[in-house]
Amino acid sequence: MIEFKNLHKRFGKLTVLDGLDLSIKKGGIFAILGPNGSGKTTLIKCLLGMVIPNAGDINFKSESVLKKWDYRNNLNYLPQIANFPPNLTVIELISMVKNLRPKKSKEQELIELFGLESFLNKKLGNLSGGTKQKVNIVLTFMFDSELIILDEPTTGLDPIALIHLKELIHKEKEKGKTILITTHIMSVVDELADEIVFLLDGKIYFKGSIDALKKQTENDNLEHAIANLISKQYA
Amino acid sequence: MLKILKYSFYDLMRSRWSYVYFIFYLLLGFVLLFLNNDVSKAVITLMNIIIVLTPLIGTIFGVMYYYNSKEFTELLLAQPINRNKIFMGQYIGISLSLTLSLVLGLGIPFMAYGLFKSAAIFDFSLLLVVGSFLNFIFVALSYNIALSTENKIKGFGYAILMWLFLAVIYDGIFLISLVFFNEYPLDKFSLLATMFNPIDLSRILILLKLDISALLGYTGAVFRKFFGTNVGMLLSMSVLVFWVILPVLRMNFKLRKKDF
């Protein structure tokens, strides 16, 4: 469904993506892992068309996405930092995003799930970080799209919201959606991910199932297995 | 694009600063009319204020809006919208709301004073047209600066410097060069130099219309001698249009390569 071909991206002198090749098939949950600054967010932003690669190509449903924008109607994105215009209320923001995407949405269900009813008429500037993240999640999951991209979805969530989020991700997976997640929380990866993509030095260092990773690093614990991969960068 | 424009416009109309700006012009209009007791005289005083102030406010609003709505812009960029349309919508939204503050803020006191019965109505409308042009020009210029500068503080600094340069320093350099090279024929040089500064250009445009020779100054006089009043006005107006189009084109060009 998604193919990155020989992707290069530099920011000034810093090379972030260095000839990255990756293909992701339709359906399932893919965890994109890697140490800080390994290019996870850059990779995702390239797919979204927010960062423009220096070289290489990206295909989504076997069509190049570079310089296009209408393909984004078929994907939902949860940004890492949720910062919304402070003058707007929650419900205004939701209706505005709905307005921008003429597509069926199920925000009511999600608002109830995360208990946001009492916040609907509050200004976004007055919400706490966790509540903003919940609004962020509602905005992401309210549309029915084939691809869902989550950049650090668990930031600031309380345990109940976290459980709801995991259920939500599971439900979407059962509908045959493709879900990309970046996170540093290994328990989330262990619980959710079907496959792991490990980024290091701007390339794919490992791609495969969790079991394959454990076998390769000869480690039973996922956290240690990942740490084992990361430590090679420092070696 | 219209959706983004509508949203930016509402967002700004709701912010405190649009009202402060509107009320400032409202007060200014009333005070000037009260002090001058004459519409035509008030128009001249107003010109001197508009020509310096609208560029400053346009510059500050443009840079502020860009940096403040950065995260939200990123949210929009992930939606199925062309990125040029997002920024054009924002740009037109800011420029329009500033123009509305200007037109309403000054229009109300002048209308209350009996503008429609006065002969100065065309001069006054020209003043508002030029003020609107300056809004569109300086918001575009400041958006250009903000797009090219990641650092907020630096971007703000550059934008203010640009305003200072065009509003004050440019004239200074221009005058010094006139004094320094006064043995050479400077007509063409000064004509060209005026074209490169939208603030000077606006001043000449209004003065040509007001027909006050004493205030025209050197460039204005050269302008009139060279083109006559009508051609001069038409020419300066079209150069102002270019001053809007060029920064907007550069904005669109810059956006093609910009990472967010």
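# Exercises on a predicted two-chain model

**Exercise 1.** Explain why A:Lys61 counts as partly exposed, then locate the residue and describe its backbone.

*Solution.* A:Lys61 has 13 C-beta neighbours inside 10 Å and therefore counts as partly exposed. The cut-offs are as follows: a residue is buried with 20 or more other C-beta atoms within 10 Å of its own, exposed with 12 or fewer, and partly exposed in between, the C-beta atoms being placed from the backbone. The model is predicted, so that local features need pLDDT of at least 70 and side-chain atom pairs count only at pLDDT 80 or more, while totals for chains, interfaces and linings use all residues. Residues are numbered from 1 along each chain as its sequence is written, and chains are lettered from A and ligands numbered from 1 in the order in which they are written.

A:Lys61 is found in the loop between S4 and S5 of chain A. Helices (H or I, at least four residues) and strands (E, at least two) are DSSP runs, numbered from the N terminus. Although A:Lys61 is not a glycine, its phi is positive, at about 55°.

**Exercise 2.** Carry out the analysis of Exercise 1 for A:Glu152.

*Solution.* First, the location: A:Glu152 is in the loop between strand S7 (147–151) and helix H5 (159–174) of chain A. Next, the backbone: phi is near 50°, a positive value in a residue other than glycine.

**Exercise 3.** In what order do the four strands of the open antiparallel sheet of chain A stand, and which strands are at its edges?

*Solution.* The order is S2-S1-S4-S5. Strands pair if DSSP finds at least two bridges between them. Strand S2 (14–24) and strand S5 (63–64) of chain A each have a single partner strand, so one side of each is left without a neighbour in the sheet.

The pairings can then be taken in turn. Strand S1 (residues 2–11) of chain A is joined to S2(A) by eight antiparallel bridges, and A:Glu3 has A:Ser23 in S2(A) as its bridge partner. The hairpin of S1(A) and S2(A) has two residues between the strands, and A:Gly12 takes a positive phi near 65° there. At the other end of the order, strand S4 (residues 55–60) of chain A runs antiparallel to S5(A), with two bridges; A:Asn59 stands opposite A:Ser64 in S5(A).

**Exercise 4.** Describe the six-stranded sheet of chain A and the hairpin of S9(A) and S10(A).

*Solution.* This open sheet has the order S6-S7-S8-S3-S9-S10, and its pairing is mixed. Strand S6 (75–78) and S10 of chain A stand at the edges with a single partner strand each, so each has one side without a neighbour in the sheet. On average, neighbouring strands are turned by 15° against each other, direction ignored.

Strand S9 (residues 195–200) and strand S10 (residues 203–208) of chain A pair in the antiparallel sense over five bridges, with A:Leu200 opposite A:Lys203 in S10(A). Their hairpin has two residues between the strands, and A:Asp201 takes a positive phi near 50° in it.

Helix H4 (residues 129–141) of chain A lies across S6 and S7 of chain A, at about 170° to S6(A). Axes are lines fitted to C-alpha atoms, for helices over the stretch in contact, and angles run from 0 to 180 degrees between N-to-C directions.

**Exercise 5.** Characterise the packing of helix H6 (residues 121–148) of chain B against helix H7 (residues 152–180) of chain B.

*Solution.* The two axes come within 9 Å and cross at roughly 145°. B:Leu141, B:Ser142, B:Ile145 and B:Ala146 in H6(B) meet B:Gly155, B:Tyr158, B:Ala159 and B:Met162 in H7(B), contact requiring C-beta atoms, placed from the backbone, within 7 Å. These residues divide into six nonpolar, two polar and no charged. Ala, Val, Leu, Ile, Met, Phe, Trp, Tyr, Cys and Pro count as nonpolar, Asp, Glu, Lys and Arg as charged, and the others, Gly among them, as polar.

**Exercise 6.** How many residues of each chain are in contact across the interface of chain A with chain B, and which helix of chain A gives the most?

*Solution.* 19 residues of chain A are in contact with 19 residues of chain B. Helix H2 (residues 90–100) gives the most to the side of chain A, with three residues. That side comprises 12 nonpolar, four polar and three charged residues.

How values were computed: Two residues are in contact if their C-beta atoms, placed from the backbone, lie within 7 Å.
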